[in-house]
Amino acid sequence: MSAFGFSLIFAVNALVFGIGAGASIKFKTPRQSTFFGSVGLLAFSVALLLAMLLGAIFWLYECLVLAMLACIGTCFSSSVALAMNEAHERAGAASALVGAIIFVLGGVVSPLVGMGDIVVSTSLIFVVCGVLALGFCLRFMQLDDTSCQ
């Protein structure tokens, strides 16, 4: 793939991420948006793992990544809103903490992706992140004694 082609794909990925973030306001509550994004992230990451293991073509891979990015976009914007809502008097600190956690997790995940067969390790990291996102979402809702309905 040429540098221009890679740049176009990178731009489309960023656009879909932004569309996912914008779509998060269409949900009734940020909790619903976070739950939807977490479930979608897990579902599409499992589909991506299967596609990668079966040697799918690039365009199937890219479509699954686009779907994952849209789900991540819904999670990021709504999770920051939830963090700031839970800490009214310290909303800035809550937002900074969410950003710091994402930064640290990115630093931990980056070397893990390069270990072993990159196709398998990357896909497995996506699945693990999807499970963690959904797990945290469900735990938060259980603590808050609310549901996604």
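The legends below describe close-up views of a predicted model.

**View 1. A nonpolar patch on the surface, formed by Met1, Phe6, Phe10, Ile57, Phe58, Trp59 and Leu60.** Together these residues have about 830 Å² of accessible area. Two helices, α1 (3–23) and α3 (58–86), are the elements that give two or more residues to the nonpolar patch, and the largest share, three residues, comes from α3.

**View 2. Phe58, a member of the nonpolar patch, in helix α3.** The relative accessible area of Phe58 is 33%, and Phe58 therefore counts as partly exposed, a class that lies between the limit of under 20% for buried residues and that of over 50% for exposed ones.

**View 3. Ser24 in the loop between α1 and α2 (30–53).** Ser24 has a relative accessibility of 10% and so counts as buried, since that term applies under 20%. When the neighbours within four places in sequence are left aside, Ser24 is in contact with Ser33, Thr74 and Ser77.

**View 4. The largest nonpolar core, made up of eight residues.** Its members are Leu41, Leu48, Ala51, Leu64, Val65, Met68, Leu69 and Cys71. The elements that give two or more residues to this core are α2 and α3, with the largest share, five residues, coming from α3.

**View 5. Met68, one of the residues of the largest nonpolar core, and the residues it touches.** Not counting residues up to four places away in sequence, Met68 touches Leu41, Phe44, Ser45, Leu48 and Phe126; among them, Leu41 and Leu48 also belong to the largest nonpolar core.

Notes: Residues are numbered from 1 along each chain as its sequence is written. This is a predicted model: local features need pLDDT of at least 70, side-chain atom pairs count only at pLDDT 80 or more; totals for chains, interfaces and linings use all residues. Side-chain values use heavy atoms; hydrogens and water are left out. Patches are made of residues with over 30% relative accessible area and no salt bridge: like charges are joined within 9 Å, nonpolar side chains (Val, Leu, Ile, Met, Phe, Trp, Tyr) within 5 Å. Accessible areas come from the Shrake-Rupley method with a 1.4 Å probe; for residues, only the protein chains shown count as cover. A salt bridge is a side-chain nitrogen of Lys or Arg within 4 Å of a carboxyl oxygen of Asp or Glu. Helices (H or I, at least four residues) and strands (E, at least two) are DSSP runs, numbered from the N terminus. Buried means under 20% relative accessible area, exposed over 50%, partly exposed in between (1.4 Å probe, protein chains only). Contact means heavy atoms within 4.5 Å. A nonpolar core is a set of buried Ala, Val, Leu, Ile, Met, Phe, Trp, Tyr and Cys residues joined through side-chain atoms within 4.5 Å.
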